[in-house]
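Visitor: I would like to learn how to read a fold. Please take me through one.

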Amino acid sequence: MAAELRLLDPSVRSSRSLAGSLLDPDFVEVGASGRRWTYEEMVSALPEMQGAVDDGPRYEPSGMAGTRLAPGLVHLTYATRIDGRHALRSSLWRRHTDGTWRMYYHQATPVPQPPDRSEAQ
């Protein structure tokens, strides 16, 4: 969960090296827009995306919960709000042989209003 929260931090989002260290080389995202992103695309674009500026809109996560699916594989779910928009989010994190956790998959689904806490899980 700590690594997921770091990826929402503007100082990490604005740094290709910091963000890249938290994403798995095989990373894939299906964004709220429906676009599919690869590791290279995300690391390149993240500093220009919303939430990457200290004095700009920030992601506000809520209802984060994690489930261990297998040794070295965790599924996180939560909701976010940024600049009046809401989304339900789902991430898969896997542990590498060096002990680091990296996001392997992420999906964001826009929702029209703030979800209640039970929907985020």
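Predicted model: local features only at pLDDT ≥ 70, side-chain atom pairs only at ≥ 80, totals over all residues.

Guide: Residues are numbered from 1 along each chain as its sequence is written, and side-chain values use heavy atoms, without hydrogens and water.

Visitor: Which pattern does the protein chain follow along the sequence?

Guide: Helices (H or I, at least four residues) and strands (E, at least two) are DSSP runs, numbered from the N terminus. Here the protein chain has four helices and six strands. Their order is α-α-α-β-β-α-β-β-β-β. The radius of gyration, taken over C-alpha atoms, is 14 Å, close to the 14 Å of the globule rule (2.2 Å times the number of residues to the power 0.38) for 121 residues, so the chain is as compact as a globular protein of that length.

Visitor: How many bridges pair S4 with S5?

Guide: Two strands pair if DSSP finds at least two bridges between them. S4 (residues 73-82) and S5 (residues 85-95) are antiparallel over 10 bridges. Leu 73 has Arg 94 in S5 as its bridge partner. Two residues lie between the strands of this hairpin, and Asp 83 takes a positive phi near 50°.

Visitor: Which residue in S6 stands opposite Arg 94?

Guide: Arg 102 does. S5 and S6 (residues 101-111) run antiparallel, joined by 10 bridges. Their hairpin has five residues between the strands, and Gly 99 in the turn has a positive phi of about 90°.
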